[in-house]
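Hi,

Here is the model I said I would pass on.

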Amino acid sequence: MLLAPMRVPRYAARGLLAGALLVLIALATASPAGAAARCYGAASRDQEHPCFNAQLLTAVAPRPFAALLETESPCDPFHRAWPISVCWFGVAAAQGPPTIALIGDSHATHWRPAVSVLARAKGWRGASIARTSCPFTLGVSTSLGPRVNRACRRHVRAIPRWLAARPSIQTVFVAGNAGARVFGPNRFLSTIAGDVAALKSLPPTVKHVIVIRDAVKSTYQTPSCIRLALLRHQRAGRVCAVPIAEVLRPDPLVIAARRIGTRVQVIDLRRFQCSRHRCFPVVGGVLVHKDIDHLTNLFATTLGPYLLRAFDRLAGHWHKASAAAAPSTPPACFGAAARDREHPCTNPDLAYRVSPTPNNALLELDSPCTRESGAPRVLSLCSFGVPSAAATETVALIGDSHATHWRPALDAVARYKGWHVKNMTRTSCPFSMAPIDKSKSLRRDCADRNRKAAAWLRAHPEIRTVFVAGNAAVRVFGAKPKDRYKRVLAGYRATFASLPHSVKHVVVIRDSIKAKTGTLDCVRRAMRAHKRAGQVCALPLAHLRRRDAAAAAARELGPPRGQVIDLTSFQCSTRLCFPVIGGVLVHKDIDHITRTFALTLAPYLLRDFDRLAAAWTA
């Protein structure tokens, strides 16, 4: 008996369709091996614990069609904090305040299942601050319209403020689309610069920033290839694999993280998708991508244990670095004391010691500096030393990141002298009127910072001494190599001339001697071979010393207005410069000295300053 056609109301049809879709998803995601199968997903590519399960060779879960219908990983309750939107994952709110955050665009969202695994394993509550098509970068996206770009910029700028108001969040995970670009003369380099600026904008309450490298993308042909392989009972992961060169993209966020170093680290889980030559669309019976760019929730979840493992290894180094940096009584002749010509000192016990190690040096945080309000934002004003209410004098430190790396030494001097120090340092912004050879926006900001620093000092006549330090190898926009030094020197002359008469003393700390690209690798090899890294990896002074225009400009001013402190003798002899001195590693990268070595220089910075100051009073 045939049934007569039956008319179904529209609302009922919609319900039936939704129900059918749910059934399809359930059927498509069902794996013959089950979600608990051995070697499931990323586990099948764990190089440390090789794993093989023949039952998963032809399995695919979820199926390509069902993957498109996946919703995002659970994250609730939704909290609106205009202009950003926040949701929560990990353990329940009753178990404590949030301790981690995940920020970025939709490529951060697709990592949320993996980060959730980590959070639950650690007993943490996490905040997800991700917005589709809004990567965490300070720049104008090339793929968005003006209105959306404005909304994204507001979103990105609000994140540091939101985090600063929640000091319990000390670890932040950042991820983004490796293919996203911002406008600039060179879009790739401009994107890196925007990423660097965004990462550095995170508040000091955030102690550790983990950049998760973007997943390798898929191709438009991959889903069809997988469907065909399923019909033919073939191994879709192998049949539909693509050459890694076709799908691997350089990730500007990772490059930015490695340029910053210190508190910013990288986790790269690419090996769970690809071998050296090919990338697999199905791994351990699990479909990797739900579309050309995004991971499936299931595959991201199987990556969770390996994200946790990578995180624990990074955190292990943090603890070692913190322990190395913890205050304790240093051994005799430690660090710069080993090269004090006035009080010669040797300690054979330090001959093979390297503290911190090159790997731990990258994890050292900058010396603490408390943010201050009420000053123009471009000054990046913060303070250190003794509190202003208890200070005997207020001084200032101005310059670029090469001034920042002197802060540990100056902080020790300030606490001894009872100073309160106003810090106005900014990476890549020397205290010179010469335009730097960087992006147009940074060049504009640096010029603005230098003008406003002079104006700020004019409004604070109580500051009579200003310390200045900067990168001696700074490049000037539009200058030929042979004219670079003259342009920088003219820039410092102009800057010093702009300082108010209330500033009686400009003390330039001569730039430290730089290292070479291979220096830290040489130190690592020497440590493994149990050799004296300081001697084995020493380099000729003539190859490393650079003329310092700031020091030259201060000498032209003459005492007592312009003074120079040169601590080069604590790094170098008359011929050689040493990467390890008194058991202490000198450089954490090619240009910046370690916080530990800077601290050992503090007594000699104090000694030289006291000699200068004695002449002023005389």
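Some housekeeping. This is a predicted model, so local features need pLDDT of at least 70 and side-chain atom pairs count only at pLDDT 80 or more, while totals for chains, interfaces and linings use all residues. Residues are numbered from 1 along each chain as its sequence is written, and side-chain values use heavy atoms, with hydrogens and water left out.

Back to the rings. Rings of Phe, Tyr and Trp (its six-membered ring) pair if their centres lie within 6.5 Å; planes under 30 degrees apart are stacked, over 60 edge-to-face, and the rest tilted. That rule gives 10 aromatic pairs. In one of them, Trp124 and Phe311 are edge-to-face, because their ring centres are 5.6 Å apart and their planes stand at 85°. The two partners are 187 residues apart: Trp124 is in the loop between α4 (112-122) and β4 (125-130), and Phe311 is in helix α11 (residues 297-325). Trp124, at 21% relative accessibility, counts as partly exposed.

Now the sheet. Helices (H or I, at least four residues) and strands (E, at least two) are DSSP runs, numbered from the N terminus, and two strands pair if DSSP finds at least two bridges between them. An open sheet of 7 strands runs in the order β12-β13-β15-β14-β16-β17-β19, with mixed pairing. Its edge strands are β12 (370-371) and β19 (562-565), each pairing on one side only.

I'd look at β16 (residues 465-469), where 5 of 5 residues are buried. Thr465, Phe467 and Ala469 point one way, and Val466 and Val468 the other. On one pairing, 4 bridges join β16 to β14 (residues 393-399) in parallel, with Val466 as the partner of Ala396. β16 also pairs in the parallel sense with β17 (residues 505-509) over 4 bridges; here Phe467 stands opposite Val507 and Val468 is partnered by Val508. Phe467 belongs to an aromatic cluster as well, together with Trp419, Phe609 and Trp616.

Last, two charges over rings (NZ of Lys or CZ of Arg within 6 Å of the ring centre and within 35 degrees of the ring normal). Arg443 lies over the face of Phe477, 3.8 Å from the ring centre, and the charged end of Arg547 sits over Tyr485, 3.9 Å from its ring centre.

Cheers

Conventions: Buried < 20%, exposed > 50% of the residue type's maximum accessible area, 1.4 Å probe, protein only.
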